[in-house]
Amino acid sequence: MEINLSFGGGAAEEQGGDHTQAAGSLRRWLVAEPELRGRARVAGKAGEVGEGHMGDALEVVNVVLANSIALGSLVTAVVAWRGSRARAPQVRLERNGVVVTVQDSSPETVERILAIWNGSAASGGDAE
């Protein structure tokens, strides 16, 4: 299962945040996460330039999970990484065309994302 993570919004963007730096930090965080070790392949890649953005393409962190059990660990790790940042950017996670945005670091965020993805997998629908 493949998940793409990208960045935007939040305090870091308002203060001129660097998405490449955020992507590198998140990649290192995920690689060091014991719950993902052996269950995920983490890589960086250039994404498409978003509408209203000029310049270089946005940095994307690509994660390929070995199984669905690792999905909860990935979402938890992303939320924890965001909570560790002084000026945390919004993190957009995309799986099978369904995009969710992490805007806070609460445990409810993990539950919400997994419910959206599990619901969309069952129904084939999209979510915001």
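Select R27 and E59 to start: the two form a salt bridge, with their closest N and O atoms 3.2 Å apart. The term here means a side-chain nitrogen of Lys or Arg within 4 Å of a carboxyl oxygen of Asp or Glu. R27 sits in helix 2 and E59 in strand 3, so the pair ties together parts that are 32 residues apart in sequence. (Helices, H or I with at least four residues, and strands, E with at least two, are DSSP runs numbered from the N terminus.) The structure holds 1 salt bridge, so you've already seen what there is under that definition. 

Before moving on: this is a predicted model, where local features need pLDDT of at least 70 and side-chain atom pairs count only at pLDDT 80 or more, while totals for chains, interfaces and linings use all residues. Residues are numbered from 1 along each chain as its sequence is written, and side-chain values use heavy atoms, with hydrogens and water left out.

R27 counts as partly exposed at 25% relative accessibility, whereas E59 is buried at 16%. Buried means under 20% relative accessible area, exposed over 50%, and partly exposed in between (1.4 Å probe, protein chains only).

Next, pick L5. Its contacts (heavy atoms within 4.5 Å) include E59, along with L26, V78, V91 and L93, not counting residues up to four places away in sequence.

While you're on helix 3 (residues 69–84), click S73. S73 is buried, at 15% relative accessible area, and touches E35 and L36, again leaving out residues up to four places away in sequence.

Then jump to strand 4 (residues 89–95) and strand 5 (residues 98–102), which pair in the antiparallel sense over 5 bridges; pairing requires at least two bridges found by DSSP. Find R95, whose bridge partner in strand 5 is V98. The two strands form a hairpin with 2 residues between them, and N96 in the turn has a positive phi of about 50 degrees.

Last stop: P89, in strand 4. P89 is buried, with a relative accessible area of 2%.
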